[in-house]
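Subject: Handover of a structure with two ligands

Dear colleague,

Please find below the structure I am passing on to you. My findings follow it.

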Amino acid sequence: MRKRAILVMGMSILTIVSALIIEDVNVRSAEAQSRGSQAKTYSAPVKYDPPSREEAPPNIREAVITGYNIMNHTRHYAGEYDGNVMNCSNCHFKEGSYRGGKNGGISLVGVNTQYPKYSKEAGGVIDLASRINACFERNMNGKPLPPDSKLMVGLIAYFQWISKGLPAYGKIPWLGLKELRSAYRPNVDSGFTVFKTICATCHGGDGMGTKIAPPLWGNESFSDGSQMTNIGTLAAFVHNNMPYRVANLTKKQAIDVAAFILSHPRAHYPK
Ligand code: HEC
Ligand code: HEC
């Protein structure tokens, strides 16, 4: 009797111990696997090769072209939801199809592979339509597109098309604008000098835009709820992209002129 009880106890201890060991092995192999897949993402760099809109298959081509058109002529194609003269392409150059980095604007090639995505600001996971609408509301000073509208479906089809072949949640190195961080304290007066001598020819002496370049402040520019009103973001954009096609400002010049731009009034984001 007692002998059997000890034996049963011994066996159950053995079962518990071995279960613990197996669990530990599973955890460790899962860790190893995730390390392995991360290593794979890094060692196999993704290729930047967005297809043109004309190459889209006939059954989605119209949607892709709708998205492309909204990027380029936002007011014309999405006027009801657009509140200023800016186009999406003014910041996402060449309809977001450029590679980002120097003279590349803010790329959107591969953007759909990163969504749904955690957003610190929203305090949760958001989908691509919500991110698009954040730009409509904050940068175009407009209204959100209904998620099932032809316009939203077109934009998502367009982003999906230019992201063709890129892996879901892969590491896409050209996405995102890295904030320009610096211990340097901006000088608005030096920023004015940069503006006057370099930017005004295209953006206008009053900063309100011209036929060749969009406004930098005032009601027709991005609102005070835009990410561009973060000086590190604006300075990074300017440092990477301005003057247009010949981005050659020093970091200090970019920070100074960003501070100068942000010292002017702009439309108020109500939320
Ligand atoms: C040669 C003309 C030219 C010069 C000079 C120039 N820009 Fe621009 N800038 C443009 C154009 C054109 C765009 C829009 C690009 C597009 O739509 O593809 C633009 C876009 C921008 C944008 C994003 C859209 C907006 O209006 O907010 C900012 C910010 C900007 N420029 C800041 C500057 C600053 C600061 C300078 C001076 C250091 C400068 N630019 C000099 C032509 C110019
Ligand atoms: C005044 C500049 C500006 C304009 C105009 C603008 N955006 Fe943006 N957009 C940004 C900035 C800044 C970001 C954030 C980039 C980052 O976080 O790296 C962004 C991010 C995005 C993203 C997410 C990118 C990512 O990597 O997650 C999408 C999608 C997007 N914009 C679409 C649009 C669309 C569509 C329009 C036109 C309706 C538009 N944007 C107009 C500045 C602009």
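The shell around ligand 1 draws at least three residues from each of domain 1 (53-162) and domain 2 (188-262). Please note that this is a predicted model.

Overall architecture

The protein has 8 helices and 2 strands, and their order along the sequence is α-α-α-β-β-α-α-α-α-α. Of its 271 residues, 35% are buried.

Ligand 1

Ligand 1 has 24 residues around it, and those that come nearest are Cys199, Cys202, Pro214, Pro243 and Tyr244. Two elements, α6 (188-203) and α7 (231-241), each give two or more residues to this shell. The largest share, 6 residues, is supplied by α6. By class, the shell around ligand 1 holds 19 nonpolar and 5 polar residues, with no charged ones.

Ligand 2

Around ligand 2 there are 25 residues, the closest being Cys88, Cys91, Cys135, Asn139 and Gly176. Helix α4 (residues 128-138) gives the most to this shell, namely 4 residues. The shell around ligand 2 comprises 15 nonpolar, 9 polar and 1 charged residues. As for its placement, ligand 2 lies between domain 1 (53-162) and domain 2 (188-262), because both give residues to its shell.

On the α4 side the contact is made by Leu128, Ala129 and Ile132, and on the α5 side by Met152, Leu155, Ile156 and Phe159. The contact of α4 with α5 consists of 7 nonpolar residues, with no polar and no charged ones.

Helix α5 packs against α2 as well, here at an angle of about 95 degrees and with the axes 7 Å apart. It follows that α2 and α5 are also roughly perpendicular to each other. From α2, the residues in this contact are Ile60, Ala63, Val64, Thr66, Gly67, Tyr68 and Ile70, and they meet Lys150, Leu151, Val153, Gly154, Leu155, Ala157, Tyr158, Phe159 and Trp161 of α5. By class, the contact of α2 with α5 has 12 nonpolar, 3 polar and 1 charged residues. Leu155 and Phe159 of α5 take part in the contact with α4 and in the contact with α2.

Helix α7

Helix α7, one of the elements that contribute to the shell around ligand 1, is mostly covered, with 8 of its 11 residues buried. The buried residues are Leu234, Ala235, Ala236, Phe237, Val238, His239, Asn240 and Asn241. Among the elements that cover them is α8 (251-262).

Glutamate 55

One further residue may be of interest to you. Is glutamate 55 buried or exposed? Glutamate 55 counts as exposed because it has 11 C-beta neighbours inside 10 Å, where 12 or fewer is the criterion. Glutamate 55 is found in the loop between α1 (2-43) and α2 (58-72). Its C-alpha atom is separated by 9.3 Å from that of tryptophan 161, although the two residues are 106 residues apart along the chain. Tryptophan 161 is also one of the α5 residues that meet α2.

With kind regards

Terms used:
Residues numbered from 1 in each chain as written. Chains lettered and ligands numbered in written order. Predicted model: local features only at pLDDT ≥ 70, side-chain atom pairs only at ≥ 80, totals over all residues. Near = placed C-beta within 6 Å. Nonpolar A, V, L, I, M, F, W, Y, C, P; charged D, E, K, R; others polar. Domains from an automatic or database assignment. Buried ≥ 20, exposed ≤ 12 C-beta atoms within 10 Å, placed from the backbone. Contact = placed C-beta atoms within 7 Å. Axes fitted to C-alpha atoms, helices over the stretch in contact; angles between N-to-C directions. Parallel < 35°, antiparallel > 145°, perpendicular 65-115°, else oblique.
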